[in-house]
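Me: I would like to learn how to read a few local features in a structure. Please take them one at a time.

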Amino acid sequence: MRKAFVVGHPIAHSRSPLIHGYWLASHGLEGRYERIDLPPQNFPAFLRDFPDQGYVGGNVTIPHKEAALAGIDHASDRARRLGAVNTLWLEDGKLYGDNTDITGFLANLDALCPADWAERAGAAVVLGAGGAARAVVAGLAERGLGCIHVVNRSLDKAASLTALAPDQVRAHPLDNLAALLPEAGLIVNTTSLGMAGQPALKIDLAPCRADAIVSDIVYTPLETPLLAQARARGLLAVDGLGMLLHQAVPGFARWFGVTPEVTQGLRDHVCADLLAGKGKPA
Ligand code: NAP
């Protein structure tokens, strides 16, 4: 039986077992997908030994994503660009790693927005400059957005993201936000604001373009105050659950040999868990 894992510390909150378990059952596959809680000091040994424990690969989450990049034989271009690996697999006895957050973010927009969303948007405002923002900014740069404005409380962190695509990415303090909104066809929240237990993101969408798309990668709750405001203004609102579901597709395909789909059934399955409040916000 093929076995995969998600390794992190802590790991109890991870929804990945729910997603991969759903796909294993719906495809009638005999595989297993297991949670592994490992403190950082034990991760290098696990990276070396997991094939001997019968695993074909797995997901890596906080705090091991950078250590995974350092410890593998082959990293994808995207993993190297983001400085982090979230998906591992074996090929010809070598350890490979990718970062599928870019795929997840872009596939979700592709699924829910008009096909030419990137060309129509022209410019984007990305709020936040943490780990998730790196994937969002790199993805938007790949899609050729002319200007990606990164707006963050700590300007130095926003500035560090300009290295991802120096010709396209600009760094700004929060004070610049209102002036940037009228230009942007896409607004993405990657801060943790709006998440359950956190204050709401303070933003007035009034200056936005009428055709602006508003995306929030926070998915606990699914309908954040930002998305509620966007919908109330008649703007296209894209929630964060789709990114989580789509980023899981490439790993499942590698470990279990079937490319799964992100269906309404999967979404309902994970939503039911989120609504039941099982696990901590993640
Ligand atoms: P992170 O690295 O800790 O970054 C957090 C960001 O939020 C930073 O830019 C930080 O600004 C900003 N922030 C936090 N508190 C703030 C406040 N009070 N005022 C202004 N800015 C504040 O976190 P992350 O890993 O990027 O994750 C961010 C969010 O994305 C989380 O809610 C996470 O669950 C979600 N996420 C979703 C997915 C998905 O698949 N949908 C994937 C990854 C992450 P400073 O730089 O100034 O500290």
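This is a predicted model: local features need pLDDT of at least 70, side-chain atom pairs count only at pLDDT 80 or more; totals for chains, interfaces and linings use all residues.

Me: Where is N152 found, and is N152 buried or exposed?
Reply: N152 is part of strand β8, residues 147-152. Buried means under 20% relative accessible area. N152 has 9% relative accessibility, so N152 counts as buried. Leaving out residues up to four places away in sequence, N152 touches G128, A129, K157, A158, H172, P173 and L174.

Me: How many residues surround the ligand, and which are the closest?
Reply: The ligand is surrounded by 21 residues, and the closest are A129, A132, N152, S154 and I217. By class, this shell has 10 nonpolar, nine polar and two charged residues.

Me: How is a pair of aromatic rings described?
Reply: Two values describe such a pair: the distance of the centres and the angle of the planes. A search of the whole structure finds 10 aromatic pairs. One of them joins F5 and F50, which are 5.0 Å apart centre to centre with 70 degrees between the planes, an edge-to-face arrangement. F5 lies in strand β1 (residues 3-8) and F50 in the loop between α2 (43-49) and β3 (55-60), so the pair ties together parts 45 residues apart in sequence. Both F5 and F50 are buried.

Me: Why is the pair of Y33 and W255 tilted?
Reply: Planes under 30 degrees apart count as stacked, over 60 as edge-to-face, and the rest as tilted. The Y33 and W255 planes are at 40 degrees, with the ring centres 6.0 Å apart, so this pair is tilted. Y33 is in strand β2 (residues 32-37) and W255 in helix α12 (residues 249-256), so parts that are 222 residues apart in sequence are tied together. Y33 and W255 are both buried. One aromatic cluster is formed by W23, Y33, F252, W255 and F256.

Me: Which residues does L177 touch, not counting residues up to four places away in sequence?
Reply: L177 touches V125, L127, V151 and I203. The C-alpha atoms of L177 and L127 are 8.8 Å apart, although 50 residues separate them along the chain. L177 is found in helix α9 (residues 177-180), and with 9% relative accessibility L177 counts as buried.

Me: Which residues does a cis peptide bond join?
Reply: The angle to read is omega. H9 and P10 are joined by a cis peptide bond with omega about 5 degrees, and T220 and P221 by one with omega about 10 degrees. P10 is in the loop between β1 and α1 (16-26); P221 lies in the loop between β11 (213-216) and α10 (225-232).

Me: What is the phi of D92, and where is D92 placed?
Reply: D92 is not a glycine, yet its phi is positive, about 50 degrees. D92 is in the loop between β5 (87-91) and β6 (94-98). With a relative accessible area of 76%, D92 is exposed.

Definitions and conventions: Residues are numbered from 1 along each chain as its sequence is written. Side-chain values use heavy atoms; hydrogens and water are left out. A residue is near a molecule or strand if one of its heavy atoms lies within 4 Å of it. Ala, Val, Leu, Ile, Met, Phe, Trp, Tyr, Cys and Pro count as nonpolar, Asp, Glu, Lys and Arg as charged, and the others, Gly among them, as polar. Helices (H or I, at least four residues) and strands (E, at least two) are DSSP runs, numbered from the N terminus. Buried means under 20% relative accessible area, exposed over 50%, partly exposed in between (1.4 Å probe, protein chains only). Contact means heavy atoms within 4.5 Å. Rings of Phe, Tyr and Trp (its six-membered ring) pair if their centres lie within 6.5 Å; planes under 30 degrees apart count as stacked, over 60 as edge-to-face and the rest as tilted.
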